[in-house]
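Trainee: Please take me through a close look at one part of this model. I would like the overall layout before the detail.

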Amino acid sequence: KTFLEKMSDPLVWQCIKGGNSFLRKQGVNRKRGGVIALSAERGNLMSKNSFKHSGIANSKQIRFTTVESEVDGKKRSKLVMGLKTRKANKPTKMFTNTVVRAQSAKGANKVIAANTVGNCYRKDLVCAANKKWALLQNLKQTSSGISKASPVKAGRK
């Protein structure tokens, strides 16, 4: 076993929560408006620096990646959902990948729920995984020219 398999998840979190290379702090350090701690870990769905969302400290995590392939001379990208398995010493076999082929949010929610809740795997992250899939699907459609990007609101003037 590797050292990460031997250590418990809360112990790993206690070691890395204060400072790691993925930690991004935004804002101004004042009395009223504090600094927001965000995380750029690969398995972190919400980009929050917390034990629940940590991709390093949790032995079970969900991640989304895009895989590009070429079919009939056209480049196509697929959204792949990865679930972490127990093979931490073999990085190529550490995640089981499932292609989320659904074009609608309802179909994607069913695929995500079947792979997570159906397999007794991190029921608390299903909502975050659905939000992340919707965000990546919207980004994929705007970059391919299928839909237009929504305008950014200016706020108060």
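Trainee: How many helices and strands does the secondary structure of the protein chain come to? Then please look closely at helix H3: which of its residues are buried?

Mentor: The protein chain has 4 helices and 5 strands, taken as DSSP runs numbered from the N terminus (helices H or I, at least four residues; strands E, at least two). This is a predicted model: local features need pLDDT of at least 70, side-chain atom pairs count only at pLDDT 80 or more, and totals for chains, interfaces and linings use all residues. Residues are numbered from 1 along each chain as its sequence is written, and side-chain values use heavy atoms, leaving out hydrogens and water.

From the N terminus, the order is α-α-β-β-β-β-β-α-α. Of the 157 residues in the chain, 27% are buried, meaning under 20% relative accessible area with a 1.4 Å probe, protein chains only; exposed means over 50%, and partly exposed lies in between. Among contacts (heavy atoms within 4.5 Å) with a separation of 6 or more, 38% join residues 24 or more positions apart.

Now H3. It covers residues 105-116, 12 residues in total. At 1.5 Å a residue, H3 should span 16 Å, and its end C-alpha atoms are 16 Å apart, so the two agree. The expected span is 1.5 Å times one less than the number of residues.

The buried residues of H3 are Ala 108, Ile 112, Asn 115 and Thr 116. They cover an arc of only 90° around the axis, which puts them on the same side of H3. That arc is taken from the directions from the helix axis to the C-beta atoms. An α-helix has 3.6 residues a turn, so residues three or four places apart point the same way.
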